[in-house]
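Let's take a walk through this fold, one piece at a time. Have the structure open and follow along.

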Amino acid sequence: MIKLDYRTNNPRWGISGIEYGSWEEFAFALGYLANEIHYRNKYDSGLIELHFESNDVQGAWGKEGRIHYYGTKSYLSSRLVNWYAAKSAGIGNISYRVNSNDYMYSLVHDFGFVEKRYRGYTTVDIFPPVKNAFDSVWNVLENYLTYTGYTNTQINRIRESYEEGWNE
């Protein structure tokens, strides 16, 4: 479901996940995620990877939807502030992890992001839609905003944020 608050309350760990403060912030992050050039597992220069980790196989509460971030703290805290607020420590060469199951599910089920599974592995990679990602992802958000009563002026402002995230 498309929304601004993707936080959940885990009985063991408490509240976690991403919460966006505005549709402009949501659209910026969505535009960023829709552009595969930002993906480290596609392009070596990318700063992110999206995954579903099957931690439930090892006795955890369930699958964990994560953004692995490989960039600097200053970039994350200034450009993707909602992710920064939801971050946890990274491991290895991962700078930070951003856990948000519901957000990952929304990317896949609402926006058409693609799950890529690998034989013998429990982790699933998530990538933007294969065909025309810019327009296909934007069209879903635009239709949602139109349906929920946003004006053309508001939608145009939100689209500017989406384009800015795409071009980041």
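Which residue in E6 does Ser88 stand opposite? It's Arg97. Keep in mind as you look that this is a predicted model.

E5 and strand E6 (residues 96-99) run antiparallel and are joined by three bridges. Zoom out and you'll find six strands making up an open sheet, in the order E5-E6-E4-E3-E8-E7, with antiparallel pairing. Strand E5 (87-89) and strand E7 (114-116) sit at the edges with a single partner strand each, so one side of each has no neighbour in the sheet. Going from one strand to the next, the twist averages 35°.

Now for what lies across the strands. Helix H4 (residues 101-109) lies across strand E3 (48-53), strand E4 (64-69), E6, E7 and strand E8 (124-127). Relative to E3, H4 runs at about 100°.

Last stop: a pair of helices. Two packed helices are described by the angle between their axes and the distance between the axes. For helix H1 (residues 23-34) and helix H5 (residues 133-147), the axes come within 9 Å and cross at roughly 160°. Angles over 145 degrees count as roughly antiparallel, which means H1 is roughly antiparallel to H5. The crossing of H1 past H5 is right-handed.

Who's doing the touching? On the H1 side it's Trp23, Phe26, Ala27, Leu30 and Ala34, and on the H5 side Ala133, Val137, Leu141, Tyr144 and Leu145.

Technical notes
Residues are numbered from 1 along each chain as its sequence is written. This is a predicted model: local features need pLDDT of at least 70, side-chain atom pairs count only at pLDDT 80 or more; totals for chains, interfaces and linings use all residues. Side-chain values use heavy atoms; hydrogens and water are left out. Axes are lines fitted to C-alpha atoms, for helices over the stretch in contact, and angles run from 0 to 180 degrees between N-to-C directions. Helices (H or I, at least four residues) and strands (E, at least two) are DSSP runs, numbered from the N terminus. Angles under 35 degrees count as roughly parallel, over 145 as roughly antiparallel, 65 to 115 as roughly perpendicular and the rest as oblique. A crossing is left-handed if the near helix is turned anticlockwise from the far one by less than a right angle, and right-handed if clockwise. Contact means heavy atoms within 4.5 Å. Two strands pair if DSSP finds at least two bridges between them.
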